[in-house]
Amino acid sequence: FHVEVNNVNVPTITTICNFNDKKFIAKITPTMISIELMDEKVSLIHYLNQLAMEAGTNSYLVKGTTNLSMNENFFIFKIMSYVSTSLCFKDITTNYHLEVVDKTARKVNVQVSVTKDTLEIFNVEATNMQVPKISMTFNFSSKKLLAKITPTMLSFELLDGKVLSSNI
């Protein structure tokens with residue numbers, strides 16, 4: 001067990017726990033959290049959260065990326081593969097952008113996307129910068145759901161492959 005705390009350029013806490021053939025490494029800075037389980041020199045699972053924040057007198061912004069990577073030899077990956085291949089992933093990433101552009105005018109801009117391996121499975125954008133709108137996309141293995149909401153319109157589309165199944 002080893003803990004290192006330093007404040008040279010960026011305050012950092014690093015913890016390393018060594019087991020027989022496994023190593024647990026955690027690192028925390030003001031803008032990043034990283035947790036990893038290694039089997040000798042091979043990463044089995046790695047969690048990484050990177051964050052940036054900005055605050056103005058009338059606005060603020062929180063944006064970042066969260067990532068979870070799994071090695072196909074890790075037992076949780078094998079269990080997910082056995083239960084359902086649609087649950088299984090080697091890499092899942094969330095990007096988020098949460099912004100209050102003008103507090104007094106109540107103007108916001110929110111964007112969130114989730115990518116599983118190379119497929120974007122979820123994307124949402126909500127804004128009231130000009131015309132208030134919410135746009136969402138859900139991707140499944142063979143289907144895609146698109147939704148858009150504005151003050152004057154409500155639209156849903158279900159795409160089967162590239163063919164439109166329904167529009168409400």
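Let's start inside a pair of strands: isoleucine 28 has isoleucine 33 in E4 as its bridge partner. Strand E3 (residues 22-29) and E4 are antiparallel and share 8 bridges, where strands pair if DSSP finds at least two bridges between them. A hairpin is formed by E3 and E4, with 2 residues between them. Before going on, please keep in mind that this is a predicted model, in which local features need pLDDT of at least 70 and side-chain atom pairs count only at pLDDT 80 or more, while totals for chains, interfaces and linings use all residues. Residues are numbered from 1 along each chain as its sequence is written, and side-chain values use heavy atoms, with hydrogens and water left out.

Now follow E4 to its other neighbour. Strand E5 (residues 42-55) runs antiparallel to E4 and is joined to it by 8 bridges. Here leucine 37 stands opposite isoleucine 45 in E5. E4 and E5 also make a hairpin with 2 residues between them, and glutamate 40 in that turn has a positive phi of about 60°. E4 itself (residues 32-39) has two faces: Met32, Ser34, Glu36 and Met38 lie on the covered one, and Ile33, Ile35, Leu37 and Asp39 on the uncovered one.

Stepping back, the protein chain holds 1 helix and 13 strands. These are DSSP runs numbered from the N terminus, with helices (H or I) of at least four residues and strands (E) of at least two. In sequence order, the pattern is β-β-β-β-β-β-α-β-β-β-β-β-β-β.

What about the overall dimensions? The C-alpha trace of the protein chain spans about 60 × 50 × 15 Å along its principal axes. Its radius of gyration is 21 Å, whereas a compact globule of 168 residues would have one near 15 Å; the radius is taken over C-alpha atoms, and the globule rule is 2.2 Å times the number of residues to the power 0.38. Of the 168 residues, 24% are buried, meaning under 20% relative accessible area, with exposed over 50% and partly exposed in between (1.4 Å probe, protein chains only).

Finally, have a look at the aromatic rings, which form 2 pairs in the structure. Phenylalanine 122 and phenylalanine 138 make a tilted pair, 5.0 Å centre to centre with 45° between the planes. This pair links distant parts of the chain, 16 residues apart: phenylalanine 122 belongs to strand E9 (residues 119-127) and phenylalanine 138 to strand E10 (residues 133-139). Rings of Phe, Tyr and Trp (its six-membered ring) pair if their centres lie within 6.5 Å, and planes under 30 degrees apart count as stacked, over 60 as edge-to-face and the rest as tilted. Phenylalanine 122 is partly exposed, at a relative accessible area of 22%, and phenylalanine 138 is partly exposed at 27%.
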